[in-house]
Protein chains: 2
Amino acid sequence: MVLMIKEFGDINLNDFKNDFAYILVIGTTDISLIPGITIAGATPELTHFTPAADAEYIILGKCKSINTIPVSPSGIPTPALVTRAALSFINPLKLVVNAGSRVLPKIPFIDLQGEPGRDIRKYALSLEKVNSIIENGMKLGEELSNAFKVLVIGESIPAGTTTAMATLAALGYDAIDKVSSASPDNPKELKRRVVLEALKSLPTDLNQKLAKVSDPVLLGVASISLGFKGKVLLAGGTQMVAAAAIIKELNKNKIHDIVIGTTKWIIEDKSADMLGLSKQVGVRVLVSMLNFSISKFDGIKAYEMGYVKEGVGAGGSAIMAFIRGITNEQLVEKIDELYQKLLSSNA
Amino acid sequence: MVLMIKEFGDINLNDFKNDFAYILVIGTTDISLIPGITIAGATPELTHFTPAADAEYIILGKCKSINTIPVSPSGIPTPALVTRAALSFINPLKLVVNAGSRVLPKIPFIDLQGEPGRDIRKYALSLEKVNSIIENGMKLGEELSNAFKVLVIGESIPAGTTTAMATLAALGYDAIDKVSSASPDNPKELKRRVVLEALKSLPTDLNQKLAKVSDPVLLGVASISLGFKGKVLLAGGTQMVAAAAIIKELNKNKIHDIVIGTTKWIIEDKSADMLGLSKQVGVRVLVSMLNFSISKFDGIKAYEMGYVKEGVGAGGSAIMAFIRGITNEQLVEKIDELYQKLLSSNA
């Protein structure tokens, strides 16, 4: 039998067999409007619709803010498909949390009263909104502790790896050129140029630093984790390393309750250094060894060629399914089924 | 031993021993601005701050939108105090749901994307927003079914008994002069005048009727209940009969999963007819036989003289505490402790 989960660090998998809630934190950064920086949307303008549409697909099984699910310019579908398929075997409570999105999803969602992220080369967020997201996020995490022992927290924010790189670098980590990308051709030059410009004239105060170069989703993910009393699976790639770094900055001990759950495509991404970054921050990593080569659809198989890789909590959700005995075959069959349904509804 | 819960209808109390989530649905109606119609706020203008402040008190133990907790013109404190005290023995997950409030609470809350209720003598809500509240509320209820077998749903909307009377009458019930009041002197003439004017030129379509004469909270409470798959305790007074009537209108069978949980002060209110209204709608009722005469504080003892009576899910929360073995003495002691804390923090 192929082992479907790889562990990096000393992790007790039983912790994650408890009932959990799945939290999707959504937001936007205006960095996604820079042509070529992200493929999380068919055009730069459409990237601002992606988080709302991802959230709608997770909750409703269909999108309302756009006609179909988010796709890359070449038509590769959002990882929300993987998440919805994986969670369908478990049926946890799913909550969408808006940390700051230009487009609001047409579903019930929890609002942290943040704001959309602006351009990090100028100033991403107001200090007031940084504080609001952190305060409300911590309160939400604390409240969720009354009902759950585990949270799985996913994210949807196009260009989030660029703000993650800026945030990690601002916090003193060796992160330049080490974050991943939804594209098989990581636009590293462009990202580096944007990040280096953003890092000029960096404030010294922590919250001011975060206001300057981070994004609402990183702050939302970190603060919900900080308030929560149980174990947290940060479901995502290199962005979640930045979230973990913020958590550590605000509460050093909390990092022991945190594990990142991601996909093999992130780990295998030679244009990035997921495990090296995680080691720097001191956060443990679980990897779901998904294999999409058995899919019936080219759009899904494309993940094996480095398209998309991760997002919307896909890797972490797959881990939760695998821990509960679901096989890769079952999961891919479910993904194919959901994808087929989408193709026919658009026909 | 004094029996702390009275049952009206065939109710299995064991249903309510399961883990539950407490949901507070907040909203406003411009009817609360009519002088003399409600005492849920120190002035008519302040009634629009009451739901936000109630929500903040439930989640944070303090208010942010106003300096202290909501009080009546004569200083009697909000029933949020009773709710927070009762729930402190159980620690359920508490979620605030905004169905449509003029003032937004400074806490994380779930948004149903409704709107504040306008004057029912003109038109309370747009049909679009009625549909949005119902759709999002049902989805939220459905999602909560993944984690809970029971919901306790409370409300905060000043002047909500007037819109409840209008809604019940619009749905064909004999409700004029039969709803309760937070005041010991129920302003029945005024309420009747407002409601009768609102009922003129009533549309025939159900959702249009609700748009004309109801309020966002009634719709939020009803729709969350409709989407939820387990048992629901509608924690409130005559307003919850109106919510139950909407539930029945939209799904006749659902009424069998619904029980109203209220206080003895509502049942004993001779200016209203809680049990008669409940019988008309066919919804069962549980009553918490709270006794505040043993309190150390006049502001709390005032409940025994018919002030406030109910709200913010106080009666239902007390029922959940009583079912779990908490005594009236323990509850009142806790209420006194919380009230003392508020008095000292304002000193």
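1. In this predicted model, 25 residues of chain B are in contact with 25 residues of chain A, contact meaning heavy atoms within 4.5 Å. Being a predicted model, it is treated with thresholds: local features need pLDDT of at least 70 and side-chain atom pairs count only at pLDDT 80 or more, while totals for chains, interfaces and linings use all residues. Residues are numbered from 1 along each chain as its sequence is written, chains are lettered from A in the order in which they are written, and side-chain values use heavy atoms, with hydrogens and water left out.

2. The same surface serves both copies, since 100% of the contact residues of chain B recur in chain A.

3. Strands here are DSSP runs of E with at least two residues, helices are runs of H or I with at least four, and both are numbered from the N terminus; two strands pair if DSSP finds at least two bridges between them.

4. Between them, chain B and chain A bury about 2,100 Å², 58% of it on carbon and sulfur atoms, where buried area is the accessible area (1.4 Å probe) that two parts lose on being put together, summed over both. L93(B), P108(B) and E143(B) supply 26% of the area that chain B buries against chain A, more than any other three residues.

5. Four salt bridges are counted between chain B and chain A, a salt bridge being a side-chain nitrogen of Lys or Arg within 4 Å of a carboxyl oxygen of Asp or Glu. The side chains of K94(A) and E143(B) meet in a salt bridge, at 3.3 Å from N to O.

6. Over all chains the structure holds 24 salt bridges. D30(A) forms a salt bridge with R102(A), the closest N and O atoms being 2.8 Å apart. This pair links distant parts of the chain, 72 residues apart: D30(A) lies in the loop between strand 2 (20-27) and helix 1 (50-60) of chain A, and R102(A) in the loop between strand 3 (93-100) and strand 4 of chain A.
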